[in-house]
Amino acid sequence: PYSRASSTSSVHLDIAPDDTKWLNEAWVGQLKNPTMFKRIEDHLLWDIRANVTPKYLGDDLVLLLDLTDARAEQMLNKENHGGISMFHSLEKWSPSLRAVSG
């Protein structure tokens, strides 16, 4: 009475180049303290004067939308020169990035 048939589906997305602009200003940060997620927006606005939209990715990873390369460089330089950052690491977003639980 029960069949174990399976099926597969595929999806094809046509995305216009204008719809991928957000990819150019998206970075992924690894938070030093994940409980600080709620404060990221205010912290970055105050600290580097960047109006960034954070999106929680899971574990300690945060997608930072509207973060320009120049502002990301400013954040990285601050950490390298004795400043205090909310992030262990910061890297440009790419489709190959994956959250890894350890």
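Relative accessible area sets the exposure classes used on this tour: a residue is buried under 20%, exposed over 50% and partly exposed in between, with a 1.4 Å probe and protein chains only. The model is predicted, so local features need pLDDT of at least 70 and side-chain atom pairs count only at pLDDT 80 or more, while totals for chains, interfaces and linings use all residues. Residues are numbered from 1 along each chain as its sequence is written, and side-chain values use heavy atoms, with hydrogens and water left out.

**Whole chain.** Display the protein chain as a cartoon. Three helices and four strands are present, where helices (H or I, at least four residues) and strands (E, at least two) are DSSP runs numbered from the N terminus. Their order from the N terminus is α-β-α-β-β-α-β. Of the 102 residues in the chain, 24% are buried. A surface view of the chain corresponds to about 7900 Å² of accessible surface, 52% of it belonging to carbon and sulfur atoms; the areas come from the Shrake-Rupley method with a 1.4 Å probe, and for residues only the protein chains shown count as cover. Contact means heavy atoms within 4.5 Å. Among contacts between residues at least 6 apart in sequence, 64% join residues at least 24 apart.

**D59.** Select D59, in the loop between strand 2 (53-58) and strand 3. D59 is not a glycine, yet has a positive phi of about 50°. Its relative accessible area is 43%, so D59 is partly exposed.

**D66.** Move to D66, in the loop between strand 3 and helix 3. Phi is positive here too, near 70°, in a residue other than glycine. D66 counts as partly exposed because its relative accessibility is 44%.

**E25.** Next, select E25, in the loop between helix 1 (21-24) and strand 1 (26-31). Leaving aside neighbours within four places in sequence, E25 is in contact with L64, L65, D66, L67, T68 and K92. The C-alpha atoms of E25 and L65 lie 6.0 Å from each other, although the two residues are 40 apart along the chain. With a relative accessible area of 26%, E25 is partly exposed.

**Nonpolar cores.** A nonpolar core is a set of buried Ala, Val, Leu, Ile, Met, Phe, Trp, Tyr and Cys residues joined through side-chain atoms within 4.5 Å. Select I40, L44, L64, L67, M75, F87 and L90, which touch the most other members among the 15 residues of the largest core. Strand 1, helix 2, strand 3 (61-65), helix 3 and strand 4 (87-92) are the elements giving two or more residues to this core. A second, separate core has five residues, including A26, L61, L63 and L65.

**Cavity.** Finally, show H43, L44, D47, M75, K78, I84, S85, M86 and F87, which line the largest cavity. A cavity is a set of points, on a 1 Å grid over the protein atoms alone, where a 1.4 Å probe fits but cannot get out; lining residues have an atom within 4 Å of a point. Helix 2 (40-47) and helix 3 (69-80) are the elements that give two or more residues to the lining, and helix 2 supplies the largest share, three residues. The space inside is about 50 Å³, the volume being that filled by probe spheres set on the points, which are joined across faces, edges and corners. H43 is in helix 2 and is partly exposed, at 27% relative accessible area. Its C-alpha atom is separated by 8.8 Å from that of M86, 43 residues apart along the chain.

Terms used: 1 Å grid on protein atoms, 1.4 Å probe; cavity = no way out; pocket = protein on both sides within 12 Å on 5 of 7 lines; lining within 4 Å.
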